[in-house]
Amino acid sequence: MKHYIFFFIFCAILALLFCPSCIREEEPDNTPVNNFETLWRIIDTQYCFHDYKAQEGCLPWNEVYAKYRPRVHDGMTSAQLFEVLCDMLSELRDGHVNLYSAADVGRYWSWHEDYPSNFNDSIHQVYLGTDYRIAAGMYYKILDDNIGYIYYGSFSSGIGEGNLDEVMYYLRLCNGLIVDVRNNSGGTLTYAERLAERFTNEKRLVGYIAHKTGTGHNDFSSPEAEYIEPSKGIRWQKKAVVLTNRSCYSATNTFVRDMKECPLVTIMGDRTGGGSGLPFSSELPNGWSVRFSACPMYDAGMNQIEFGIKPDTCVSLTQEDLARNKDTMIEAAREFLKR
């Protein structure tokens with residue numbers, strides 16, 4: 001019996017020594033200083049716009065470290081640390097950069113808050129009225145001068161090919177089409193591409209994308225060409241106007257980039273808000289997560305579109321029109337399409 005007891009004890013010791021589940025990896029210290037260092041290093045090695053942002057007047061990332069490191073010490077509270085880290089990330093001037101804690105989300109909104117909105121919800125409702133149609137995320141109708149109108153407020157609202165066929169067929173006899181994406185802050189690129197494909201009859205080069213390949217600020221793959229293909233469904237064959245403002249961001253920025261290459265399309269309104277870097281996420285030792293731009297996207301001429309796309313025709317809402325319940329930008333698009 002004693003031999004069996006010793007045998008079981010021996011086996012138990014071996015299990016403790018060699019069982020993979022018993023092996024513990026050393027976790028990084030969850031201190032304010034180490035969380036700061038980790039976040040700074042993640043952005044330093046994985047963010048994709050360092051050199052471009054420095055050219056545009058942002059503080060170089062090594063100087064950001066020197067500016068914010070003295071504000072961090074191990075005796076500070078989580079709320080104080082969160083504030084410092086968010087201030088540091090705001091130096092990037094990037095709406096795709098966010099810090100997520102259990103209590104709050106750090107965000108940079110100056111990309112649209114510091115500019116005129118060029119959108120008035122009450123006046124917009126006057127144009128839509130109550131007889132508009134809804135197909136997935138699109139509101140659409142025929143205006144009284146036989147101009148088609150589509151408002152798409154978020155590319156997070158999915159659209160199918162069947163939805164687009166129905167919309168295009170309903171508007172087919174209109175003299176022109178307005179696609180209003182003002183205040184559309186983005187969503188799924190697939191829906192943006194699906195809509196843009198209704199405005200071309202041939203495969204078109206619309207831009208490029210690159211991928212991070214190393215930890216250096218300039219470690220990228222060769223740019224890969226991006227194309228849109230003509231839809232197999234009903235396509236628009238007349239003039240169209242895309243209305244934009246500063247709140248056109250992320251996937252909407254890409255949609256405007258793609259539509260700019262379509263021959264019968266005119267971009268009208270204000271410069272878009274930008275947001276051309278596909279986001280990626282990582283985690284800090286304290287469990288907070290950070291989202292940041294990881295893959296830069298360009299237009300067909302290999303120009304940066306991170307800070308927005310300039311319209312073909314600049315139009316802004318005027319106080320005179322607002323006082324008359326008129327949307328200057330919709331009216332300008334209507335006049336353009338009737339010419």
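How many disulfides does the count come to? The count comes to 0 disulfides, a disulfide being a pair of cysteine sulfur atoms within 2.5 Å. The structure is a predicted model, in which local features need pLDDT of at least 70 and side-chain atom pairs count only at pLDDT 80 or more, while totals for chains, interfaces and linings use all residues. Residues are numbered from 1 along each chain as its sequence is written, and side-chain values use heavy atoms, with hydrogens and water left out.

**Cysteines**

For Cys174, the closest cysteine sulfur belongs to Cys262 and is 19 Å away, too far for a bond. For Cys262, the closest cysteine sulfur is that of Cys248, at 16 Å, which is also too far for a bond. Cys174 is buried, with a relative accessible area of 1%, and Cys262 is buried at 3%. Buried here means under 20% relative accessible area, exposed means over 50%, and partly exposed lies in between (1.4 Å probe, protein chains only).

**Salt bridges**

There are 23 salt bridges in the structure. The term requires a side-chain nitrogen of Lys or Arg within 4 Å of a carboxyl oxygen of Asp or Glu.

| Pair | N to O distance |
|---|---|
| Arg334 and Asp144 | 2.6 Å |
| Glu226 and Arg257 | 3.0 Å |
| Glu335 and Lys338 | 3.4 Å |

The side chains of Arg334 and Asp144 form one of these salt bridges. Helices (H or I, at least four residues) and strands (E, at least two) are DSSP runs, numbered from the N terminus. Arg334 is buried, at 10% relative accessible area, whereas Asp144 is exposed, at 76%.

Glu226 pairs with Arg257 in another salt bridge. This pair also links distant parts of the chain, with Glu226 in strand E8 (residues 224-228) and Arg257 in helix H10 (residues 251-259), 31 residues apart. Arg257 is buried, with a relative accessible area of 4%.

Glu335 and Lys338 both lie in helix H12, 3 residues apart, about one turn of the helix. An α-helix has 3.6 residues a turn, so residues three or four places apart point the same way. Glu335 is partly exposed at 42% relative accessibility, and Lys338 is partly exposed at 47%. A network of salt bridges links Asp144, Asp145, Glu331, Arg334, Glu335 and Lys338.

**Helix H12**

Besides Arg334, the buried residues of H12 include Met329, Ile330, Phe336 and Leu337. The buried residues of this helix pack against helix H7 (121-128), E5, strand E6 (176-180), strand E9 (240-244), strand E10 (265-269) and helix H11 (319-323). The N-terminal end of H12 is capped by Asp327, which has a side-chain oxygen 3.0 Å from the backbone nitrogen of Met329.

**Strand E10**

Strand E10 is mostly covered, with 5 of its 5 residues buried. In a regular strand the side chains alternate between the two faces of the sheet. In E10, Val265, Ile267 and Gly269 are on one side, Thr266 and Met268 are on the other, and both faces are covered.

E9 and E10 run parallel and are joined by 5 bridges; two strands pair if DSSP finds at least two bridges between them. Val241 stands opposite Thr266 in E10. From E9 the chain crosses through H10 to E10, and this β-α-β crossover is right-handed; that is, with the strands pointing away from the viewer, the path from the first strand over the helix to the second runs clockwise. E10 also pairs in the parallel sense with strand E14 (residues 313-314), over 2 bridges. The bridge partner of Gly269 in E14 is Cys314.

**Glu91**

Glu91 is in the loop between helix H5 (78-90) and strand E1 (98-100). At 16% relative accessibility, Glu91 counts as buried. Leaving aside residues up to four places away in sequence, Glu91 touches Cys58, Leu59, Val64, Lys67 and Tyr68, where contact means heavy atoms within 4.5 Å. The side chain of Glu91 makes a polar contact with the side chain of Lys67 (2.7 Å) and a polar contact with the side chain of Tyr68 (2.7 Å). A polar contact is a pair of N or O atoms within 3.5 Å; within protein, one must be able to donate a hydrogen and the other to accept it, and residues adjacent in sequence count only if both atoms are side-chain atoms.
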